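Hi,

Here is the structure I promised to pass on.

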Amino acid sequence: MGDRDGDQDGRRRRGKWFAVRLGVLLVILAGLVVFLVTRPGKQAQSSASRCVPSTQLPEVRRVPPSALGGLREAVARALPQRVGRLYEEGTVRAAVAWTDEEPAPPATSPGALRPAGYEMRWWAPNGDDVVADVLVFGSQAQAQRFVAVAASSRCRLQARIAAASRPPEARNVSWLNPDGAVQADVFLARGKRAYRIADAPAGSSPGDVRSSGGLARAFATIDVLACLLPSAHCQQLPNGVTT
Amino acid sequence: MLLGAALVLAGCGKSNLVTNTATVGSAPAPAPAPARTATTAKAPAPRASTVPVPLPLTAARAAAFAKAVELTGADVPGAHPARRSKTPLAREREAAQCGGRTAGAVGGGRSPEFQRGGALERESLSSGVEVLRDEKSVERDLAYAQTPRGLRCYERVLSRSLRAEADPHIKIFDVRVAPLSVTVAGAGAARGIRILAHVGVPGAGVVVRLFVDAVSLPYGPAEINLYGTSFVQPIAERTEQELLTLLRERARRQKL
């Protein structure tokens, strides 16, 4: 009898303990949900995808796979000779300037048309995440329209706009990218092509990156790298940089 | 036989080293914490169900399967097909002894070798398919390649091969072989080897790392192989993952 009472007490205690643990787990779970819903990256990603209207943003052409070689060659010039560690590459569409989505892998069908946009991503020697894109549009006017929209504060968190130090007519944007990291972009249009070079400086938080001068260094870096792109027409380059 | 093709690639890789090293500029970069969405492989899926093989395997069927699966120029933007140098037969036999295979393959095929980039950016990618007697033969073959004994054997054969075929202007400082695993979405992992050779031009004071990856994905009684050669840094893992996924998808659409 005494044993049975003891068992019942034990079961009651265990029941209470399970209820407490369940409560704690639920609180943690709720916290996680709140964190996932409210973190800057998610906000930025959803706001970007909702905000950029497809009617105002020109889309890249579609091209046969053989045309991608020339596009790859154009962006590979941005970080030549294995200076950075290439970690990803592939085709992209115009919205990549906001979404920062990963480039697409090759299509299963070798003959399928592909978007005329190509991106390469590297880890720079200083730890920065560097990206180069080329996007080919149907006309020069579309390429210029894209750059005008992309190099604006539209649909970007904490965006700041400025003229780039180089190449001619290039524009700089700093913003909080969809992963919540501060990023520096340079955009330029050349003929039917638009180019972007982006640098997300290594750092623990956007505030740290800004206060440590990381953003200023990123702009200096991408403006020089943009001079390595085809038809950049930079007048002066820092010592040691040749096109 | 993973290494037979790797031997060819290693040979191809170093052939242009004299011109390549003229522009050596920097050390490889580290891979720090990501500041934007990083490359992430999906978790390995449970082992795929057995591949149906309704008819007896023949050399002709294996060759047709390999042809349907292989890499094409469209899969490697900016690349052009290059002529593959022939591996001496003796060396291939020696490499075959490093694997655990007891019987020859039913058949298969190789893609052209797709090369792109110049100087230090030069890299090449190719694929191969080998059809063995059954699934168990494939498992045995791939498992042995990653054992310490298998790796030591490969290292020995590769060192001999590279030194024997070396351009007189090139010095091979060392050759190391390590196991390599590449996660493939929905198909578990491809396994294989990474060969790392330090090569240089005597007198130039420059040493460059040459990476040769040879990974194999089991697909029923077939091995889907991917080979990559690159200077300074290995072929991006993401690229290898995507190409293996692509080859597997083509295999699924083709009856074996």
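A word on burial before anything else: a residue is called buried under 20% relative accessible area, exposed over 50%, and partly exposed in between, using a 1.4 Å probe and protein chains only. Please keep in mind that this is a predicted model, in which local features need pLDDT of at least 70 and side-chain atom pairs count only at pLDDT 80 or more, while totals for chains, interfaces and linings use all residues. Residues are numbered from 1 along each chain as its sequence is written, chains are lettered from A and ligands numbered from 1 in the order in which they are written, and side-chain values use heavy atoms, with hydrogens and water left out.

Let me start with Arg82(A). This arginine sits in the loop between helix 3 (68-76) and strand 2 (85-91) of chain A; helices (H or I, at least four residues) and strands (E, at least two) are DSSP runs, numbered from the N terminus. Is Arg82(A) buried or exposed? With a relative accessible area of 7%, Arg82(A) is buried. Its side chain also has partners in chain B: a polar contact of 2.8 Å links it to the side chain of Ser230(B), and a polar atom of the Arg82(A) side chain lies 3.0 Å from the backbone oxygen of Leu120(B). (A polar contact is a pair of N or O atoms within 3.5 Å; within protein, one must be able to donate a hydrogen and the other to accept it, and residues adjacent in sequence count only if both atoms are side-chain atoms.)

Next, strand 9 (residues 193-200) of chain A, where seven of the eight residues are buried. Two strands pair if DSSP finds at least two bridges between them. Strand 9 of chain A pairs in the antiparallel sense with strand 5 (residues 129-136) over eight bridges, and Val134(A) stands opposite Tyr195(A) there. Strand 8 (residues 182-190) of chain A is also an antiparallel partner of strand 9, over seven bridges, with Ala189(A) bridged to Ala194(A). Strands 8 and 9 of chain A form a hairpin with two residues between them, and Gly191(A) in the turn has a positive phi of about 60 degrees.

Cys227(A) and Cys234(A) form it, with their sulfur atoms 1.9 Å apart, and both cysteines are buried. The torsion about their S-S bond is about -85 degrees, so the disulfide is left-handed.

Now for chain B, which has seven helices and eight strands. Of its 256 residues, 51% count as buried. In helix 5 (residues 135-145) of chain B, the buried residues are Ser137(B), Val138(B), Asp141(B), Leu142(B) and Ala145(B). They cover an arc of only 125 degrees around the axis, which puts them on the same side of the helix; the arc is that of the directions from the helix axis to the C-beta atoms. At the start of helix 5 of chain B, a side-chain oxygen of Asp134(B) reaches to within 3.3 Å of the backbone nitrogen of Lys136(B).

Finally, Lys255(B) lies in the segment after helix 7 (237-253) of chain B and is exposed, with a relative accessible area of 74%. Lys255(B) and Ala64(B) are 191 residues apart in sequence and 9.5 Å apart in space, C-alpha to C-alpha.

Best wishes

Note on methods: Disulfide = S-S within 2.5 Å.
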